[in-house]
Amino acid sequence: MECRQCATPLSRPGDFCLTCRTENADSVVVDCDRERATVTVLLDGDVVAERTVTTRPENDGEREPVELRNFAGLIADEVHRKRPDEVYAAGDRDVLEAVREQLHYSLRRVEPRGDQSVVDAVRERAGERSLEVVETPPDEKLGGSHSTLVGGRDGMTAVRTVAAHPHVKKVIPGPISAGGSGSRSGLRAKATRADENGNVRLLVRDGSSVQENRVVTTAGSREMGERVRDDLDESLREAGLQE
């Protein structure tokens, strides 16, 4: 494949052109299990490249972390050489968490429906690319008059997890109130249905206490806000804050 701008031959299809500094891909989709990952490169919704990365999982408890880190590094390298605008991912959570640690991009989780492919699920969400990306660090997105968070350290983890999303502008903690019998042990967090402006609420429960935090997003509409909400709930599940 040649660069679409200057026609310089690329080492791999979809690579960022180092000659004229042009992107030849706008999205990368990572679909992985514990032994294999498929990295699909998209430009304007069309597949321009697909590469498979494999590993042989170690049974040795001491070697397994190194093997997983190396596997994740190969996946991350495939992404970095494309310099895409968005990176989407689906599959094994342990692998994706290892990739996330080595990636210079935010991973956007996608959940295919039925027999839908991961790439088709990403195409369905293509409109999100137009959303404003907020570069502010998560801790600087925390605001409002209420400084106390329910659940202490776990509550802060929930808020930071949400604040880390690239389409979240601000998280505003609300007052803490009694929220029921408190029969469940441990802190639980969930994003509520988006309003007409695309903003959501982060409900954090710890025992009988509940806190409703306002989450301001860049979505601008209920439909796009719902997609951001799906991302937030997936991130909270990965953080162990949802069942």
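This is a predicted model: local features need pLDDT of at least 70, side-chain atom pairs count only at pLDDT 80 or more; totals for chains, interfaces and linings use all residues.
Trainee: In which order do the strands of the open sheet lie, and what is the pairing?

Mentor: Strands of a sheet pair through backbone hydrogen bonds, either parallel or antiparallel. Here, 5 strands form an open sheet in the order E3-E2-E1-E4-E5, and the pairing is mixed. Strands E3 (46–54) and E5 (107–109) stand at the edges; each has a single partner strand, so one side of each is left without a neighbour in the sheet. On average, neighbouring strands of this sheet are turned by 25 degrees against each other, direction ignored.

Trainee: In which sense do E4 and E5 pair?

Mentor: Strand E4 (residues 86–91) pairs with E5 in the parallel sense, over 3 bridges. Within this part of the sheet, Tyr88 stands opposite Arg108 in E5. Helix H2 (residues 93–102) packs on the sheet, where it touches strand E1 (27–32), E4 and E5.

Trainee: How many residues does helix H5 have, and what span does it reach?

Mentor: An α-helix has 3.6 residues a turn, so residues three or four places apart point the same way. Helix H5 (residues 222–238) has 17 residues and reaches 24 Å from its first C-alpha to its last, close to the 24 Å expected. Its buried residues include Val228, Asp231 and Leu232. Just after H5, Gly240 takes a positive phi of about 75 degrees.

Trainee: Is His165 buried or exposed?

Mentor: Buried means under 20% relative accessible area. His165 has a relative accessible area of 7%, and is therefore buried. His165 is found in the loop between helix H4 (152–163) and strand E6 (168–172). Leaving aside neighbours within four places in sequence, His165 is in contact with Arg108, Lys141, Val228, Asp231 and Leu232.

Technical notes: Residues are numbered from 1 along each chain as its sequence is written. Side-chain values use heavy atoms; hydrogens and water are left out. Helices (H or I, at least four residues) and strands (E, at least two) are DSSP runs, numbered from the N terminus. Buried means under 20% relative accessible area, exposed over 50%, partly exposed in between (1.4 Å probe, protein chains only). Contact means heavy atoms within 4.5 Å. The expected span of a helix is 1.5 Å times one less than its number of residues. Two strands pair if DSSP finds at least two bridges between them. Axes are lines fitted to C-alpha atoms, for helices over the stretch in contact, and angles run from 0 to 180 degrees between N-to-C directions.
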